[in-house]
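Visitor: I would like a close look at a single part of this model, the interface between its domains. Please take me through it slowly, and spell out your cut-offs as you go.

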Amino acid sequence: MAHVNENFLKLPGSYLFSEIARRVNQFKKDNPDTDIIRLGIGDVTRPLPPAVIEAMKEAVDEMSRQETFRGYGPEQGYEFLTEKIIKNDFLPRGVELAADEVFISDGAKTDTANFQELFGIDNILAVSDPVYPVYVDSNVMAGRTGPVNPKGEFEKIVYLPCTVENGMKPPLPEMRVDMIYLCFPNNPTGMTLTKEELKLWVNYARANRSVILFDAAYEAYIHDEKVPHSIFEIDGAREVAVEFRSFSKTAGFTGTRCAYTIVPKQVMVYDANSKTHSLNQLWLRRQTTKFNGVSYPVQVGAAAVYSEEGKKQVKETINYYMENARIIRSGLEKTGYKVFGGINAPYIWFKTPDNMKSWDFFDKLMKDANVVGTPGAGFGANGEGYFRLTAFGSRENTEKAVERIIKMQ
Ligand code: PLP
C-alpha cells in the first residue's frame, strides 16, 4: 500500500489564487456585462524586450543546424550568462563573485522552494508575516513544521509580524532561529530595508550561525539609491546568506522562465559534530542530481537583457510599471488609505477601511468598483485587514481602477 506524505495533508486545501478565481468567476456569471479590472495576481503584462526576442530567435536557429546544435548544457548554467550577471548585477555594487557561485535556474519560485532541502529537518525557520507563501509551504511539505492552527500559522515556524507600528519591517526573532527567509523589495508589502537595517539581520545570522535566504526577485524595481539591491552589499553577508534573483519581473520572463541563485562558498551549515559543510557544494550536488539546466535559447535571451538595447528596453518597461505604482499609491493616499510600498516595488499594500476583513474588502471592491485585488489574509495572519494591488496592469486599466476606487468611497 502506498502511503501519502502526511506533511502535504497539513496544507490548507484552497490556494489563494484559486479562491480568487472562484469568486471572480462566480461574480462574472452573475454579472456577465461587467468590465472587471484585475490588479491581483503578480504577473507581468508587457511583452519580452525586443532584444531578448531577437537573441532567442537566433539561438533557436542555432539549434536547427548540425554545427551549432546543443544538447544538455551545464546544470549550473552557461558561462556566457553567468559572466554577464556578475559583471552587470554585482560588480557595479562592489560585490565580487566567482562564476561557480552563480546557479542559473528556471525560477526563483523553484529555488526558494527547493533550497530548504539542504537543511536538517529540525531547523527552526523564521518568516515575516505576511509572507510569499512558497517559503512556508515548501517547508511544510518537507516536514519541518507541525500542524496549522485556525489562524493559518504552522507550529514550529517563527512568524515575524509586519505591522503599521514597525512600518512593515520584520523584527529580529526573539529566539534563536536557523533559517531566515527575507524578501526585499517585499511581496506583498512592497517595502525595502536600508543597508543599516539589513546589517542587523546579517549580524544576527552571524551571531546565531543561521542562514539568510534572501529573495531579491524585485530588485530591479529599486529606485532609491540608499536601498541595497543585494544582501552581499552588506559586510559579512557572504558567510551567512544565499540570494535568489529572477528575470521574471525584471525582464518579463514569467512565462519564459529564467532565474539565478547566488550561493557564496563561505556559507556553511553544520553536522551533528559541528563540522562545517559548504552550502555551495551541497546545492551543486542537489542541482546536478535533480536539475538539468535552463534551455539554451532561454539563457541566450536572458543574456540579451544585459546588452545596451536590452538594458534600455528593460528600464522602459520597469518605468512603465512604476508609473502605474505611483498612480495607484497617490490615488489611494488621496482617498485616505494608509499605504505601504509602491516606491521601490511593484506592489501597493494598504489597510482596508474601517478594519474590514480582507476577504470582505475583496468582495466589496469587486462588486462596487469591479476591481480585483489580493486579500492580505492570503499572505498570513498579519495580512488580515490589508489588501494588495499590483502595478503590472496596463496604464489605461490602472487609471480606470484607481478612479473607480476613489469613487467607491
Ligand atoms: N519570489 C517572490 C517574492 C515572488 O513574488 C515571486 C513571484 O511572484 C517569485 C519569487 C517567483 O519568481 P519566478 O517567476 O522566478 O519563479
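Guide: Happy to! Let's begin with a term we need at once: a salt bridge here is a side-chain nitrogen of Lys or Arg within 4 Å of a carboxyl oxygen of Asp or Glu. Please keep in mind that this is a predicted model, where local features need pLDDT of at least 70 and side-chain atom pairs count only at pLDDT 80 or more, while totals for chains, interfaces and linings use all residues. Residues are numbered from 1 along each chain as its sequence is written, and side-chain values use heavy atoms, leaving out hydrogens and water.

Between domain 1 and domain 2 the count is 1 salt bridge. K311 and E308 have side chains that meet in a salt bridge, at 3.9 Å from N to O.

Now for the two partners. Domain 1 covers 6-47 + 311-408 and domain 2 covers 56-308; such bounds come from an automatic or database domain assignment. Their C-alpha centres are 25 Å apart. Domain 1 brings 35 residues to the contact and domain 2 brings 48, where contact means heavy atoms within 4.5 Å.

The size of an interface is often given as the accessible area lost when the parts come together. For domain 1 and domain 2 the buried area is about 3200 Å², with 62% of it from carbon and sulfur atoms (this is the accessible area, 1.4 Å probe, that two parts lose on being put together, summed over both). On the domain 1 side, the residues that lose the most area to domain 2 are K10, K311 and N344, which together make up 22% of what that side buries.

Polar contacts come next: pairs of N or O atoms within 3.5 Å, where within protein one must be able to donate a hydrogen and the other to accept it, and residues adjacent in sequence count only if both atoms are side-chain atoms. Across the interface, 15 residue pairs are in polar contact, both at pLDDT 80 or more. Elements giving two or more residues to the domain 1 side are α10 (308-334), β11 (339-341), β12 (347-351) and β15 (386-390). Helix α10 supplies the largest share of that side, 7 residues. By residue type, the side divides into 18 nonpolar, 10 polar and 7 charged. Here Ala, Val, Leu, Ile, Met, Phe, Trp, Tyr, Cys and Pro are nonpolar, Asp, Glu, Lys and Arg are charged, and the others, Gly among them, are polar. Helices (H or I, at least four residues) and strands (E, at least two) are DSSP runs, numbered from the N terminus.

Setting aside neighbours within four places in sequence, V314 touches P49, T250, A251 and V305. V314 also sits 9.5 Å from A51, C-alpha to C-alpha, although 263 residues separate the two in sequence.

Not counting residues up to four places away in sequence, N324 touches A391, G393, S394, R395 and T398.
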